[in-house]
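Please open the model in your viewer and keep the selection panel at hand. The tour visits a pocket and then a strand.

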Amino acid sequence: MTTSEELHKRRTAAVARGVGSVIDSYVDHAGGGTLTDVDGREWIDFASGIAVTSVGNAAPRVVAAVREQVARFTHTCFMVAPYESYVAVAETLNALTPGAFEKRSALFNSGAEAVENAVKIARHATGRPAVVVFDHAYHGRTNLTMAMTAKNMPYKHRFGPFAGEVYRVPMSYPFRDGGLSGTEAAARALDQVDKQVGAANVAAIVAEPIQGEGGFVVPAGGFLPALATWAASAGALFVADEIQTGFCRTGSWFACEHEGGVPGPGARVAGTRPEHQGQAEWVPDLVTTAKGIAGGLPLAAVTGRAEIMDAVHPGGLGGTYGGNPLACAAALAAIETMRELDLAAAARHIESVMMPRLRTLAGRDQRIGDVRGRGAMLAVEIVQPGTTTPDPTTAGAVSAACHRAGLLTLTCGTYGNVLRFLPPLVIDDPTLERGLRILEEAFSTT
Ligand SMILES: *Cc1c(COP(=O)(O)O)cnc(C)c1O
(Lines give C-alpha, C1' and ligand atoms only; values in the text may rest on other atoms or scores of the structure.)
Protein backbone atom coordinates (compact mmCIF):
# COMPACT_ATOMS: atom_id res chain seq x y z
CA MET A 1 0.00 0.00 0.00
CA THR A 2 1.16 3.54 -0.77
CA THR A 3 2.30 5.54 2.26
CA SER A 4 1.79 9.23 2.97
CA GLU A 5 5.53 9.71 2.61
CA GLU A 6 5.51 8.27 -0.91
CA LEU A 7 2.44 10.30 -1.86
CA HIS A 8 4.07 13.43 -0.54
CA LYS A 9 7.08 12.89 -2.81
CA ARG A 10 4.81 12.42 -5.81
CA ARG A 11 2.78 15.44 -4.83
CA THR A 12 5.81 17.69 -4.55
CA ALA A 13 6.85 16.69 -8.07
CA ALA A 14 3.36 17.04 -9.55
CA VAL A 15 1.25 19.58 -7.65
CA ALA A 16 1.89 23.32 -7.76
CA ARG A 17 3.61 24.58 -4.63
CA GLY A 18 1.05 27.37 -4.26
CA VAL A 19 -1.59 24.83 -3.22
CA GLY A 20 -0.83 24.00 0.40
CA SER A 21 -2.14 21.37 2.84
CA VAL A 22 -2.48 21.62 6.61
CA ILE A 23 -1.16 18.08 7.23
CA ASP A 24 1.27 15.82 5.38
CA SER A 25 -0.89 12.70 5.75
CA TYR A 26 -3.01 11.50 2.85
CA VAL A 27 -6.62 10.46 3.47
CA ASP A 28 -7.85 6.98 2.75
CA HIS A 29 -11.39 7.22 4.08
CA ALA A 30 -13.43 9.41 6.43
CA GLY A 31 -16.61 9.23 8.47
CA GLY A 32 -18.58 11.39 10.92
CA GLY A 33 -15.83 12.97 12.96
CA THR A 34 -12.71 11.04 11.97
CA LEU A 35 -10.39 10.70 8.99
CA THR A 36 -8.18 7.65 8.44
CA ASP A 37 -4.99 8.22 6.51
CA VAL A 38 -3.30 5.79 4.10
CA ASP A 39 -0.89 4.78 6.90
CA GLY A 40 -3.86 3.54 8.94
CA ARG A 41 -3.72 6.40 11.44
CA GLU A 42 -6.97 7.90 12.70
CA TRP A 43 -7.46 11.66 12.99
CA ILE A 44 -10.18 13.40 14.96
CA ASP A 45 -11.69 15.97 12.67
CA PHE A 46 -12.11 19.49 14.06
CA ALA A 47 -11.96 20.97 10.55
CA SER A 48 -14.75 19.39 8.46
CA GLY A 49 -12.82 20.27 5.30
CA ILE A 50 -13.25 23.93 6.34
CA ALA A 51 -16.86 23.84 7.56
CA VAL A 52 -18.09 21.70 4.67
CA THR A 53 -18.83 18.18 5.90
CA SER A 54 -21.36 19.16 8.58
CA VAL A 55 -23.37 15.99 7.89
CA GLY A 56 -20.17 13.92 7.94
CA ASN A 57 -17.88 12.71 5.20
CA ALA A 58 -19.94 9.85 3.89
CA ALA A 59 -23.45 10.65 5.13
CA PRO A 60 -25.65 7.68 4.13
CA ARG A 61 -28.38 9.79 2.50
CA VAL A 62 -25.81 11.80 0.52
CA VAL A 63 -23.99 8.68 -0.64
CA ALA A 64 -27.24 7.04 -1.75
CA ALA A 65 -28.53 10.14 -3.53
CA VAL A 66 -25.29 10.71 -5.43
CA ARG A 67 -25.06 7.02 -6.41
CA GLU A 68 -28.60 7.08 -7.71
CA GLN A 69 -28.01 10.30 -9.67
CA VAL A 70 -24.63 9.34 -11.13
CA ALA A 71 -26.21 6.26 -12.68
CA ARG A 72 -29.04 8.32 -14.23
CA PHE A 73 -27.04 11.26 -15.68
CA THR A 74 -23.96 13.21 -14.60
CA HIS A 75 -24.47 16.47 -16.46
CA THR A 76 -26.65 18.12 -19.05
CA CYS A 77 -25.94 21.75 -18.11
CA PHE A 78 -28.98 23.42 -16.57
CA MET A 79 -28.68 26.22 -19.15
CA VAL A 80 -29.04 23.64 -21.94
CA ALA A 81 -31.38 20.93 -20.65
CA PRO A 82 -32.83 21.57 -17.17
CA TYR A 83 -33.70 18.99 -14.50
CA GLU A 84 -35.80 18.83 -11.32
CA SER A 85 -33.10 18.70 -8.62
CA TYR A 86 -31.83 22.21 -9.49
CA VAL A 87 -35.36 23.57 -9.09
CA ALA A 88 -35.81 21.64 -5.83
CA VAL A 89 -32.57 23.07 -4.40
CA ALA A 90 -33.72 26.59 -5.33
CA GLU A 91 -37.12 25.97 -3.66
CA THR A 92 -35.39 24.65 -0.55
CA LEU A 93 -32.99 27.61 -0.34
CA ASN A 94 -35.85 30.07 -0.86
CA ALA A 95 -37.69 28.50 2.08
CA LEU A 96 -34.69 28.20 4.42
CA THR A 97 -32.73 31.44 3.98
CA PRO A 98 -33.69 34.47 6.09
CA GLY A 99 -36.75 36.48 5.09
CA ALA A 100 -40.37 35.51 4.59
CA PHE A 101 -40.69 37.28 1.21
CA GLU A 102 -40.76 35.82 -2.29
CA LYS A 103 -37.27 34.69 -3.32
CA ARG A 104 -35.28 33.30 -6.23
CA SER A 105 -31.99 31.39 -6.28
CA ALA A 106 -29.19 30.78 -8.78
CA LEU A 107 -26.64 27.99 -8.34
CA PHE A 108 -22.88 28.05 -8.84
CA ASN A 109 -19.82 25.92 -8.05
CA SER A 110 -17.84 27.71 -5.36
CA GLY A 111 -18.27 30.28 -2.66
CA ALA A 112 -16.18 32.83 -4.53
CA GLU A 113 -18.38 32.40 -7.57
CA ALA A 114 -21.49 32.97 -5.45
CA VAL A 115 -20.02 36.17 -4.00
CA GLU A 116 -19.06 37.42 -7.49
CA ASN A 117 -22.58 36.76 -8.70
CA ALA A 118 -24.14 38.48 -5.69
CA VAL A 119 -22.10 41.56 -6.62
CA LYS A 120 -23.12 41.27 -10.29
CA ILE A 121 -26.78 41.04 -9.28
CA ALA A 122 -26.53 43.89 -6.76
CA ARG A 123 -24.86 46.19 -9.29
CA HIS A 124 -27.35 45.30 -11.98
CA ALA A 125 -30.40 45.71 -9.73
CA THR A 126 -29.27 49.03 -8.18
CA GLY A 127 -27.42 50.51 -11.15
CA ARG A 128 -24.61 51.47 -8.74
CA PRO A 129 -20.94 50.42 -8.67
CA ALA A 130 -19.59 50.44 -5.09
CA VAL A 131 -19.20 47.39 -2.89
CA VAL A 132 -18.52 47.87 0.82
CA VAL A 133 -16.60 45.17 2.72
CA PHE A 134 -14.93 44.94 6.13
CA ASP A 135 -11.56 44.61 7.77
CA HIS A 136 -10.67 40.90 8.26
CA ALA A 137 -13.22 39.86 5.62
CA TYR A 138 -12.74 36.75 3.51
CA HIS A 139 -14.80 36.33 0.36
CA GLY A 140 -12.63 34.14 -1.91
CA ARG A 141 -9.65 33.96 -4.25
CA THR A 142 -10.94 35.08 -7.66
CA ASN A 143 -9.99 38.55 -8.84
CA LEU A 144 -13.09 40.35 -7.56
CA THR A 145 -13.26 38.34 -4.34
CA MET A 146 -9.52 38.87 -3.68
CA ALA A 147 -10.29 42.57 -3.82
CA MET A 148 -13.04 41.95 -1.26
CA THR A 149 -10.82 39.78 0.97
CA ALA A 150 -8.81 41.75 3.53
CA LYS A 151 -5.67 39.74 4.15
CA ASN A 152 -2.64 40.13 1.89
CA MET A 153 -0.67 37.02 2.81
CA PRO A 154 -1.28 34.40 1.47
CA TYR A 155 -4.41 35.35 -0.48
CA LYS A 156 -3.47 38.50 -2.43
CA HIS A 157 0.31 38.88 -2.36
CA ARG A 158 1.55 39.77 -5.87
CA PHE A 159 -1.76 38.73 -7.47
CA GLY A 160 -2.97 42.24 -8.23
CA PRO A 161 -4.09 44.54 -9.73
CA PHE A 162 -7.47 43.91 -8.19
CA ALA A 163 -11.00 44.76 -9.27
CA GLY A 164 -12.09 48.31 -8.51
CA GLU A 165 -15.00 49.89 -6.63
CA VAL A 166 -14.41 47.78 -3.52
CA TYR A 167 -14.22 49.82 -0.29
CA ARG A 168 -13.08 48.47 3.08
CA VAL A 169 -14.36 49.83 6.38
CA PRO A 170 -13.73 48.88 10.04
CA MET A 171 -15.35 45.76 11.46
CA SER A 172 -16.92 45.29 14.88
CA TYR A 173 -14.26 43.19 16.65
CA PRO A 174 -15.10 43.27 20.36
CA PHE A 175 -11.72 41.87 21.50
CA ARG A 176 -9.80 44.52 19.55
CA ASP A 177 -11.94 47.64 19.22
CA GLY A 178 -11.96 48.77 22.83
CA GLY A 179 -15.45 47.51 23.51
CA LEU A 180 -17.38 49.56 20.97
CA SER A 181 -21.04 48.55 20.97
CA GLY A 182 -22.46 47.08 17.76
CA THR A 183 -24.24 50.32 16.92
CA GLU A 184 -21.12 52.41 17.62
CA ALA A 185 -19.00 50.13 15.44
CA ALA A 186 -21.63 50.32 12.69
CA ALA A 187 -21.74 54.13 12.95
CA ARG A 188 -17.93 54.24 12.62
CA ALA A 189 -18.06 52.06 9.48
CA LEU A 190 -21.04 53.82 7.93
CA ASP A 191 -19.58 57.26 8.55
CA GLN A 192 -16.62 56.23 6.39
CA VAL A 193 -19.00 54.95 3.72
CA ASP A 194 -20.89 58.25 3.74
CA LYS A 195 -17.73 60.34 3.60
CA GLN A 196 -15.51 58.27 1.32
CA VAL A 197 -17.91 56.44 -0.98
CA GLY A 198 -21.23 58.24 -0.79
CA ALA A 199 -24.42 56.37 0.06
CA ALA A 200 -25.85 56.96 -3.42
CA ASN A 201 -22.97 55.03 -5.02
CA VAL A 202 -23.29 51.90 -2.90
CA ALA A 203 -24.68 48.80 -4.60
CA ALA A 204 -24.14 46.51 -1.62
CA ILE A 205 -22.64 46.03 1.80
CA VAL A 206 -21.26 42.50 1.94
CA ALA A 207 -20.68 41.04 5.41
CA GLU A 208 -20.03 37.68 7.01
CA PRO A 209 -22.40 37.43 10.03
CA ILE A 210 -19.48 35.77 11.84
CA GLN A 211 -16.17 36.19 10.05
CA GLY A 212 -14.53 32.92 9.02
CA GLU A 213 -10.93 33.05 7.75
CA GLY A 214 -10.58 36.50 9.32
CA GLY A 215 -10.60 35.00 12.82
CA PHE A 216 -14.09 33.84 13.78
CA VAL A 217 -14.88 37.41 14.70
CA VAL A 218 -18.37 37.69 16.18
CA PRO A 219 -19.54 41.30 15.78
CA ALA A 220 -21.06 43.03 18.81
CA GLY A 221 -24.85 42.74 19.03
CA GLY A 222 -26.63 45.35 16.94
CA PHE A 223 -23.84 45.69 14.33
CA LEU A 224 -25.53 43.64 11.58
CA PRO A 225 -29.03 45.10 12.07
CA ALA A 226 -27.56 48.63 11.91
CA LEU A 227 -25.81 47.84 8.62
CA ALA A 228 -28.96 46.30 7.16
CA THR A 229 -31.08 49.26 8.27
CA TRP A 230 -28.61 51.73 6.75
CA ALA A 231 -28.53 49.77 3.47
CA ALA A 232 -32.32 49.79 3.27
CA SER A 233 -32.47 53.56 3.81
CA ALA A 234 -29.64 54.20 1.32
CA GLY A 235 -31.20 52.14 -1.47
CA ALA A 236 -28.26 49.72 -1.23
CA LEU A 237 -28.46 45.97 -0.70
CA PHE A 238 -27.29 44.08 2.35
CA VAL A 239 -25.60 40.83 1.32
CA ALA A 240 -24.98 38.23 4.04
CA ASP A 241 -22.07 35.98 3.11
CA GLU A 242 -23.23 32.84 4.97
CA ILE A 243 -20.82 30.57 3.09
CA GLN A 244 -19.04 29.44 6.25
CA THR A 245 -21.78 30.16 8.83
CA GLY A 246 -24.76 28.66 6.99
CA PHE A 247 -26.57 25.35 7.19
CA CYS A 248 -26.79 24.82 10.95
CA ARG A 249 -23.07 25.48 11.63
CA THR A 250 -23.74 28.18 14.24
CA GLY A 251 -26.77 26.51 15.84
CA SER A 252 -29.47 27.87 13.55
CA TRP A 253 -30.04 27.45 9.84
CA PHE A 254 -28.29 30.75 9.16
CA ALA A 255 -26.16 32.91 11.46
CA CYS A 256 -28.19 36.07 10.69
CA GLU A 257 -30.97 34.55 12.80
CA HIS A 258 -28.95 35.03 16.00
CA GLU A 259 -29.07 38.76 15.52
CA GLY A 260 -32.74 39.20 14.76
CA GLY A 261 -32.46 38.21 11.10
CA VAL A 262 -35.91 36.86 10.29
CA PRO A 263 -35.65 33.09 9.60
CA GLY A 264 -36.97 31.71 6.34
CA PRO A 265 -40.47 30.18 6.50
CA GLY A 266 -38.94 26.70 6.24
CA ALA A 267 -36.42 27.40 8.99
CA ARG A 268 -38.74 28.57 11.74
CA VAL A 269 -39.45 25.25 13.40
CA ALA A 270 -35.99 23.82 13.83
CA GLY A 271 -32.99 25.94 14.50
CA THR A 272 -34.24 29.20 15.97
CA ARG A 273 -33.01 29.84 19.44
CA PRO A 274 -35.73 31.17 21.73
CA GLU A 275 -33.40 33.74 23.34
CA HIS A 276 -33.15 35.52 20.02
CA GLN A 277 -36.82 36.29 19.81
CA GLY A 278 -37.80 39.88 20.39
CA GLN A 279 -34.77 41.54 18.77
CA ALA A 280 -35.29 44.15 16.09
CA GLU A 281 -36.14 42.22 12.96
CA TRP A 282 -34.25 42.71 9.71
CA VAL A 283 -33.36 40.64 6.67
CA PRO A 284 -30.47 40.42 4.25
CA ASP A 285 -31.53 41.17 0.65
CA LEU A 286 -29.20 38.50 -0.74
CA VAL A 287 -27.55 35.51 0.93
CA THR A 288 -24.55 33.63 -0.44
CA THR A 289 -24.16 29.96 0.52
CA ALA A 290 -21.69 27.17 -0.28
CA LYS A 291 -19.46 25.05 2.00
CA GLY A 292 -21.92 23.08 4.20
CA ILE A 293 -24.67 23.01 1.58
CA ALA A 294 -24.03 19.67 -0.15
CA GLY A 295 -22.18 17.25 2.13
CA GLY A 296 -18.85 17.89 0.39
CA LEU A 297 -19.90 18.20 -3.24
CA PRO A 298 -19.12 21.52 -4.91
CA LEU A 299 -22.22 23.72 -4.89
CA ALA A 300 -22.90 27.37 -4.11
CA ALA A 301 -25.86 29.69 -4.39
CA VAL A 302 -27.15 33.24 -4.32
CA THR A 303 -30.64 33.53 -2.87
CA GLY A 304 -32.61 36.72 -2.40
CA ARG A 305 -35.58 38.95 -2.96
CA ALA A 306 -37.37 37.94 -6.15
CA GLU A 307 -37.45 41.45 -7.61
CA ILE A 308 -33.69 41.87 -7.14
CA MET A 309 -32.72 38.42 -8.44
CA ASP A 310 -35.12 38.71 -11.38
CA ALA A 311 -33.78 42.14 -12.35
CA VAL A 312 -31.05 40.38 -14.33
CA HIS A 313 -31.88 39.62 -17.98
CA PRO A 314 -32.23 35.95 -19.07
CA GLY A 315 -28.79 34.47 -19.82
CA GLY A 316 -27.04 37.03 -17.58
CA LEU A 317 -26.29 34.44 -14.88
CA GLY A 318 -25.04 30.87 -15.08
CA GLY A 319 -22.04 28.70 -15.82
CA THR A 320 -21.34 25.28 -17.32
CA TYR A 321 -21.41 23.32 -14.08
CA GLY A 322 -23.45 25.55 -11.77
CA GLY A 323 -26.04 23.36 -10.04
CA ASN A 324 -24.56 20.14 -11.37
CA PRO A 325 -27.04 17.27 -10.83
CA LEU A 326 -24.71 15.29 -8.53
CA ALA A 327 -24.19 18.37 -6.35
CA CYS A 328 -27.93 19.11 -6.31
CA ALA A 329 -28.78 15.52 -5.33
CA ALA A 330 -26.17 15.75 -2.57
CA ALA A 331 -27.53 19.10 -1.34
CA LEU A 332 -31.11 17.83 -1.09
CA ALA A 333 -29.90 14.79 0.83
CA ALA A 334 -27.60 16.82 3.09
CA ILE A 335 -30.36 19.30 3.94
CA GLU A 336 -32.77 16.43 4.63
CA THR A 337 -30.12 14.97 6.96
CA MET A 338 -29.84 18.34 8.76
CA ARG A 339 -33.60 18.35 9.32
CA GLU A 340 -33.91 14.71 10.28
CA LEU A 341 -31.02 14.77 12.79
CA ASP A 342 -31.74 18.39 13.86
CA LEU A 343 -28.14 19.42 13.26
CA ALA A 344 -28.82 22.98 14.42
CA ALA A 345 -29.50 21.48 17.86
CA ALA A 346 -26.40 19.30 17.43
CA ALA A 347 -24.33 22.45 16.82
CA ARG A 348 -25.75 24.03 19.98
CA HIS A 349 -24.92 20.85 21.87
CA ILE A 350 -21.32 20.99 20.62
CA GLU A 351 -21.15 24.61 21.83
CA SER A 352 -22.52 23.59 25.23
CA VAL A 353 -19.81 20.92 25.57
CA MET A 354 -16.87 22.88 24.12
CA MET A 355 -17.44 26.44 25.31
CA PRO A 356 -17.09 25.76 29.06
CA ARG A 357 -13.99 23.67 28.42
CA LEU A 358 -12.41 26.42 26.29
CA ARG A 359 -13.29 29.00 28.97
CA THR A 360 -11.72 26.84 31.68
CA LEU A 361 -8.63 26.47 29.52
CA ALA A 362 -8.51 30.26 29.05
CA GLY A 363 -8.84 30.71 32.84
CA ARG A 364 -5.64 28.81 33.46
CA ASP A 365 -3.68 29.76 30.33
CA GLN A 366 -2.98 33.48 30.01
CA ARG A 367 -2.05 33.05 26.34
CA ILE A 368 -5.74 32.62 25.47
CA GLY A 369 -6.96 36.21 25.18
CA ASP A 370 -10.45 35.51 23.89
CA VAL A 371 -12.85 32.58 23.49
CA ARG A 372 -15.64 33.14 20.98
CA GLY A 373 -17.95 31.74 18.35
CA ARG A 374 -21.36 30.17 18.07
CA GLY A 375 -22.55 26.61 17.74
CA ALA A 376 -19.86 24.42 16.20
CA MET A 377 -17.89 27.45 14.95
CA LEU A 378 -15.66 28.20 17.95
CA ALA A 379 -12.21 29.69 18.38
CA VAL A 380 -9.57 30.85 20.83
CA GLU A 381 -7.38 33.88 20.08
CA ILE A 382 -3.76 33.52 21.22
CA VAL A 383 -1.92 36.60 22.54
CA GLN A 384 1.11 37.60 24.61
CA PRO A 385 -0.18 37.12 28.19
CA GLY A 386 -1.88 40.18 29.61
CA THR A 387 -1.98 42.03 26.27
CA THR A 388 -3.87 41.87 22.98
CA THR A 389 -0.60 41.43 21.02
CA PRO A 390 -1.16 38.52 18.63
CA ASP A 391 0.99 35.41 19.14
CA PRO A 392 0.81 33.39 15.92
CA THR A 393 3.88 31.34 16.93
CA THR A 394 2.11 29.81 19.93
CA ALA A 395 -1.09 29.30 17.92
CA GLY A 396 0.92 27.42 15.29
CA ALA A 397 2.80 25.41 17.92
CA VAL A 398 -0.41 24.34 19.71
CA SER A 399 -1.95 23.41 16.37
CA ALA A 400 1.14 21.36 15.48
CA ALA A 401 0.99 19.59 18.86
CA CYS A 402 -2.66 18.73 18.15
CA HIS A 403 -1.66 17.33 14.76
CA ARG A 404 1.08 15.16 16.32
CA ALA A 405 -1.54 13.75 18.69
CA GLY A 406 -4.04 13.07 15.90
CA LEU A 407 -6.41 16.05 16.18
CA LEU A 408 -6.97 18.01 12.98
CA THR A 409 -7.26 21.71 13.88
CA LEU A 410 -6.96 24.86 11.77
CA THR A 411 -5.67 28.34 12.46
CA CYS A 412 -7.08 31.55 11.01
CA GLY A 413 -7.20 35.29 11.60
CA THR A 414 -5.59 38.38 10.15
CA TYR A 415 -2.68 37.82 12.54
CA GLY A 416 -2.68 34.01 12.14
CA ASN A 417 -3.16 33.69 15.91
CA VAL A 418 -6.64 32.15 16.12
CA LEU A 419 -7.19 28.43 16.63
CA ARG A 420 -10.56 27.52 15.20
CA PHE A 421 -12.73 24.48 15.76
CA LEU A 422 -15.22 23.22 13.18
CA PRO A 423 -16.17 19.64 14.05
CA PRO A 424 -18.73 17.92 11.85
CA LEU A 425 -22.17 18.43 13.41
CA VAL A 426 -22.65 14.65 13.53
CA ILE A 427 -19.56 14.07 15.70
CA ASP A 428 -20.39 11.85 18.69
CA ASP A 429 -19.68 12.87 22.28
CA PRO A 430 -16.82 10.40 22.93
CA THR A 431 -14.96 11.60 19.81
CA LEU A 432 -15.56 15.24 20.73
CA GLU A 433 -14.27 14.49 24.22
CA ARG A 434 -11.12 12.79 22.87
CA GLY A 435 -10.49 15.84 20.67
CA LEU A 436 -10.90 18.23 23.60
CA ARG A 437 -8.47 16.21 25.74
CA ILE A 438 -5.85 16.39 22.98
CA LEU A 439 -6.38 20.15 22.73
CA GLU A 440 -6.04 20.63 26.51
CA GLU A 441 -2.91 18.48 26.50
CA ALA A 442 -1.47 20.47 23.57
CA PHE A 443 -1.87 23.70 25.56
CA SER A 444 -0.27 22.23 28.66
CA THR A 445 2.77 20.88 26.77
CA THR A 446 3.35 23.83 24.42
C1 LIG B 1 -14.80 29.86 2.00
C2 LIG B 1 -15.47 31.15 1.89
C3 LIG B 1 -15.65 31.78 0.65
C4 LIG B 1 -15.09 31.21 -0.64
O5 LIG B 1 -15.61 29.95 -0.92
P6 LIG B 1 -14.86 28.99 -1.99
O7 LIG B 1 -15.82 27.86 -2.16
O8 LIG B 1 -13.57 28.60 -1.36
O9 LIG B 1 -14.67 29.81 -3.21
C10 LIG B 1 -16.34 32.97 0.62
N11 LIG B 1 -16.85 33.52 1.74
C12 LIG B 1 -16.71 32.93 2.95
C13 LIG B 1 -17.32 33.57 4.15
C14 LIG B 1 -16.00 31.74 3.07
O15 LIG B 1 -15.83 31.19 4.27
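**The largest pocket**

Begin by selecting domain 1 (3-58 + 342-445) and domain 2 (73-341): each gives at least three residues to the lining of the largest pocket. Domain bounds come from an automatic or database domain assignment. The model is predicted; local features need pLDDT of at least 70 and side-chain atom pairs 80 or more, whereas totals for chains, interfaces and linings use all residues. Residues are numbered from 1 along each chain as its sequence is written, and side-chain values use heavy atoms, without hydrogens and water.

The largest pocket holds about 1,300 Å³ of space. A pocket is an open set of points on a 1 Å grid over the protein atoms alone, where a 1.4 Å probe fits, with protein on both sides within 12 Å along at least five of seven lines; lining residues have an atom within 4 Å of a point. The volume is the space filled by probe spheres set on the points, which are joined across faces, edges and corners.

Next, select G20, S21, V22, I50 and R141, the closest to the centre among the 39 lining residues. Then colour helix 12 (392-404), which gives the most to this lining, with four residues. Helices (H or I, at least four residues) and strands (E, at least two) are DSSP runs, numbered from the N terminus.

**Strand 9**

Move to residues 286-289: L286 and T288 on one side, and V287 and T289 on the other, are all buried (under 20% relative accessible area, 1.4 Å probe, protein chains only). Strand 8 (residues 237-241) runs parallel to strand 9, joined by three bridges; strands pair if DSSP finds at least two bridges between them. Here D241 stands opposite T288. Finally, select strand 10 (residues 300-305), antiparallel to strand 9 with four bridges, where A301 stands opposite T289.

Conventions:
Buried means under 20% relative accessible area, exposed over 50%, partly exposed in between (1.4 Å probe, protein chains only).
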